[in-house]
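Please look at the sequence and the model below before reading on. The paragraphs that follow are meant to be read with both in view.

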Amino acid sequence: MGENKVLQKKATREAFGDEIVRLGGLNKDIYVVDIDIGKSCKTTEFANKFPKQHVNVGIAEQNAAGLAAGLATTGKIPFVSTYAVFGSMRMAEQIRQEICYPNLNVKIACSHGGLTPANDGASHQAIEDMGVLRTIPNMTVVMGADYHSTRKLVAQAAEKYGPVYLRFTRDTMPFIYDENEEFIIGKAKKLKEGNDIAIIANGDTVYLALEAAKQLENKGVSVKLLDMHTIKPLDREAVVECLDTGKIITVEDHNILNGLGSAVCEVVAEEGRGKVRRIGVQDQFGQSAPYEKLLELNGITIENIVNTANEMLQ
């Protein structure tokens, strides 16, 4: 983990834009299927460099899914690029019927995940996306925590056969890792080892969980911290290991229903031990406001993570 990088910031959509260009240069079967928002989704450079590997279908998400499925049947590796709210829900039927059911090698790469669309309002804030798509068989669901982890996970998605949903942030996120850190889809990244309480976070909330863990450690609390970048398949072994503490807090920029918190609770219930507290979007739509304010309205803050931990430890 690159401690000296933590004050630098980049949006994870920029990581996708940079990595897809690298991948496109290495493999001519990598395609980008755009939906007329390449500037926002950071695919413009790819389109300029590799015009024969790029298709813009216009504002037609369902068509993009079908086109990508067709490309996959010919051996191409298409990345459909759009906003998370559209890539998960407007395309949901096509993803299920045309991509996941035949288990085709299509990647759904979406910017503007969670509350990061901020002032764009509830219509553009994808708070249900990972939950919707993790229920579809054959789908893998991934969200990196920062720029470098996202680049590594995008590269892994390109190598992995089958449908993958990749979720990115619109807003800039602090660097947590350096460029040499390695990631494996389906395997949680352990940031801290501890035995008093475990915190499992995903995506843009990993930095908040890391800062909360530092504050707790300053008070003598031993914290196990996981970056659960893959929601599906969930790293069950890592969750079970967290149960040795008896107490788990999940943190996510997503509805607490059917996201990371629910996935962890499923494992905990089946194991029959331990307690879980879920921090995330409180099953409510967002509104037009700054990103940090929206997090605060849902209790997705360093302060609330610390307070929740202290309550569980009493």
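The model is predicted, so local features need pLDDT of at least 70, side-chain atom pairs count only at pLDDT 80 or more, and totals for chains, interfaces and linings use all residues. Residues are numbered from 1 along each chain as its sequence is written, and side-chain values use heavy atoms, with hydrogens and water left out.

Start with the sheet. Helices (H or I, at least four residues) and strands (E, at least two) are DSSP runs numbered from the N terminus, and two strands pair if DSSP finds at least two bridges between them. In general, strands of a sheet pair through backbone hydrogen bonds, either parallel or antiparallel. Here five strands make an open sheet with mixed pairing, in the order β9-β11-β10-β13-β14. Its edge strands, β9 (189-192) and β14 (275-281), each pair on one side only. From one strand to the next, the twist averages 20°; axes are lines fitted to C-alpha atoms, for helices over the stretch in contact, and angles run from 0 to 180 degrees between N-to-C directions. Inside the sheet, β10 (residues 197-201) and β13 (residues 247-255) run parallel and are joined by four bridges. Ile200 stands opposite Thr250 in β13.

Which strands does helix α9 touch? Helix α9 (residues 206-218) packs on the sheet against β9, β10 and β11 (223-227), and its direction makes about 170° with that of β11. Contact means heavy atoms within 4.5 Å. Another helix, α11 (residues 260-271), lies across β10, β13 and β14 and runs at about 145° to β13.

Helix α9 also meets α13. Two packed helices are described by the angle between their axes and the distance between the axes. The axes of α9 and α13 come within 8 Å and cross at roughly 50°. The two helices are therefore oblique to each other (angles under 35 degrees count as roughly parallel, over 145 as roughly antiparallel, 65 to 115 as roughly perpendicular and the rest as oblique). The residues in contact include Leu208 and Ala212 of α9, and Ile305 and Ala309 of α13.

Now turn to β4 (residues 77-83), where seven of seven residues are buried. Buried means under 20% relative accessible area, exposed over 50%, and partly exposed in between (1.4 Å probe, protein chains only). β4 pairs in the parallel sense with β2 (residues 30-34) over five bridges, and Asp34 has Ser81 in β4 as its bridge partner. β4 and β5 also pair in the parallel sense over five bridges; there, the partner of Phe79 is Lys107 in β5.

Gly194, in the loop between β9 and β10, counts as buried because its relative accessibility is 10%. Gly194 touches Ser222, Val223, Lys224 and Thr245, not counting residues up to four places away in sequence.

His112 sits in the loop between β5 (107-111) and α7 (129-134) and is buried at 2% relative accessibility. A polar contact of 2.8 Å joins its side chain to that of Ser111. A polar contact is a pair of N or O atoms within 3.5 Å; within protein, one must be able to donate a hydrogen and the other to accept it, and residues adjacent in sequence count only if both atoms are side-chain atoms.

Asn298 belongs to the loop between α12 (291-297) and α13 (302-313). With a relative accessible area of 9%, Asn298 is buried, and its side chain makes a polar contact of 2.8 Å with that of Gln284.
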